[in-house]
Every structure is written in structure tokens, then in C-alpha cells.
Amino acid sequence: MITIGDIKLPEFPFLLAPMEDVSDPPFRRLCKMHGADLMYSEFISSEGLIRDAMKSRKKLDIFDYERPVGIQIFGGDEEAMSLSAKIVETVQPDLVDINFGCPVKKVACKGAGAGVLKDVDLMVRLTRAVVQSTHLPVTVKTRLGWDDSSINIDEVAERLQDVGIQALTIHARTRSQMYKGHSDWTHIARIKNNPRIKIPIFGNGDIDSPEKAKKYKETYGIDGIMIGRAAIGNPWIFSQIKHYLKTGEILPAPTLYQRIEAVKNHAQWSVEWKGVRNGLLEMRQHYSNYFRGIPNFKVHKAHLLSALSLEELNWVFTSILE
């Protein structure tokens with residue numbers, strides 16, 4: 001059994017990655033239904049929380065059915081990170097996660113996310129500020145380093161463990177790689193095999209099939225796997241991987257009916273959480289992913305995108321099945 005503070009996870013857990021504009025409560029609920037063991041919120045700006053920004057505050061919404069769930073924060077200022085950790089604690093998540101891995105320019109080039117990898121001393125100070133500001137377990141998600149010439153994950157893992165984090169997730173790319181190129185899990189294996197490291201080490205990057213999950217589990221010896229982009233439009237990936245690890249059998253792809261049921265649930269929960277207009281507008285980014293590979297889907301896509309109510313959406317689903 002893997003433990004993070006008082007959180008007890010399965011022997012080899014699967015985590016849903018924090019993804020901006022994706023891993024909100026409706027999507028997390030779907031992934032929980034299909035086998036995700038631990039989930040994280042979209043990342044939240046520490047500065048936004050302190051300013052009481054509506055979008056940041058909305059991301060603090062969590063629900064008992066999705067537990068255990070962590071809230072992820074990011075920032076480059078110690079005081080702001082400390083204050084935001086205290087704010088996060090008020091909504092009683094199961095843990096607080098720090099994002100030291102986001103590679104996008106608007107975050108990394110402002111000294112937050114993966115940008116902090118350029119200054120390990122600052123990373124340690126930010127982490128210590130959060131650990132000392134909350135009674136919740138604190139975890140970190142990060143990358144190998146800024147670029148190939150500055151891979152510093154060995155130092156990062158040891159020093160962050162020393163200031164009190166209770167688990168570490170490593171995306172096996174550098175910041176300069178963004179989401180391209182090959183993810184190199186040998187670095188994650190080296191961290192896991194470091195006798196100084198006692199906390200759980202989770203791997204992230206390129207896991208998009210049951211076969212690959214099994215191979216990486218056996219090859220790199222990590223404590224669990226975090227899945228991000230491969231779960232978008234495919235919440236079944238968690239149950240598919242678990243079934244394969246248990247039985248060696250590849251489950252069939254979800255049927256058209258199963259895909260529609262998933263989208264209907266996703267849309268219903270999105271509307272309940274965000275309201276009809278915002279809920280359906282934000283669902284538009286998901287349709288192509290849910291119906292990827294379905295013949296003649298383009299015929300129906302325009303109708304899905306123009307639906308302004310759940311009733312209209314259900315009419316389109318009915319026509320797809322006919």
C-alpha cells in the first residue's frame with residue numbers, strides 16, 4: 001500500500017494529472033468512475049487566490065465522491081505560496097500539490113511552474129513555505145530540469161524530501177521539450193533507486209496504453225503512474241490499464257453507446273457546476289476527443305458545437321446512434 005500522509009492508496013496507484021481547462025470536477029468525476037485512484041485540481045495561481053480572483057476560487061471546488069483529491073498551486077513568491085496554502089486548507093482537500101512543472105511561457109518565464117527549476121534554492125524555499133503553512137500532506141510535480149544541459153532532478157528530489165514533501169511526481173521531460181520528443185524515464189528510475197529517497201515516486205509522460213503502463217511499471221520500478229493527456233476523451237484508460245495488469249487481457253475499446261453515455265454525464269455535470277452556457281461552451285473542446293476514430297463523426301460535430309441546451313445535445317446523441 002502506498003501512503004501519502006494519512007492517505008492510503010492501492011499498491012500501485014494511478015493518478016489523474018492536473019491539466020488546465022481539463023481536470024475540473026466533472027472530468028475528475030468521470031475518471032474516478034473509471035478507476036483513477038488520486039486526482040488533482042487544475043493548477044491554481046497563488047497570486048490569484050490571494051487577490052480573490054473568481055476563476056482561481058472556483059477551482060477550489062472539490063466533492064466528497066472524488067476523494068482522495070489534491071489541490072495544486074503554483075507561484076514564485078514565498079509569502080504568496082504560504083498564504084495560498086492556508087486558503088487551500090480551508091476547503092479541506094486531502095493534500096496540497098505544488099506545480100514546478102508547467103512549461104508554458106506565461107507561467108515558466110515568470111518564475112513559476114517549470115521556471116523554478118532554474119533556481120533550486122528558490123524551489124526549496126517555496127516548498128518549505130507551503131509545508132510550514134499547512135497541516136495537509138504536501139506533494140510536488142516537476143520535470144527533469146530546464147533543458148538537457150541542466151537536468152537537476154536528483155538534487156531536487158533529495159532537497160524537497162528534506163523540507164517535508166510526502167510524494168514526488170516527475171514528468172520525464174525537460175521544460176525545453178514541452179510535450180514533444182521522447183520522455184526519458186531512466187531519470188525517474190534513478191531517483192526511485194536512490195537509497196536516500198523514502199517518499200513515493202510517481203512517473204508521468206507518454207503513458208497512453210495498458211501495454212506501455214505495464215512495461216514502464218516493470219522497467220522503472222516506480223510507485224505509481226500519473227496519466228494526463230491520454231485520459232482526455234478517454235477516462236476508461238484507468239480501468240483498461242488496471243484490468244490488463246490484473247489479467248493480461250486487453251479490454252475492447254468503448255462502444256459508441258458508452259462514449260455517448262460518458263459525454264452525456266460529462267455535459268450534465270459540467271452544466272450543474274458551471275451553468276448551462278459556460279458548461280456547454282467548455283464542453284466543446286472535448287467532443288472530438290471522445291469520438292476520435294468514429295466514422296462520419298464530422299457530420300455530427302457541427303450540431304454538437306451549436307447545441308445550446310442539454311435537450312439539444314441529447315437530440316444530437318440520438319441522431320448519432322440512429
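The model is predicted, so to speak of local features we need pLDDT of at least 70, and side-chain atom pairs count only at pLDDT 80 or more, while totals for chains, interfaces and linings use all residues. Residues are numbered from 1 along each chain as its sequence is written, and side-chain values use heavy atoms, leaving out hydrogens and water.

Let's start with the whole chain. You'll find 15 helices and 11 strands; these are DSSP runs, H or I of at least four residues for helices and E of at least two for strands, numbered from the N terminus. The radius of gyration is 20 Å, close to the 20 Å from the globule rule for 322 residues, so the chain is as compact as a globular protein of that length. That radius is taken over C-alpha atoms, and the rule is 2.2 Å times the number of residues to the power 0.38. Of the 322 residues, 57% are buried, meaning under 20% relative accessible area with a 1.4 Å probe, protein chains only.

Now, please look at strand β8, residues 138-143. Why is it largely enclosed by the rest of the structure? Because 6 of its 6 residues are buried. Val138, Val140 and Thr142 point one way, and Thr139, Lys141 and Arg143 the other.

Note on methods
Buried means under 20% relative accessible area, exposed over 50%, partly exposed in between (1.4 Å probe, protein chains only).
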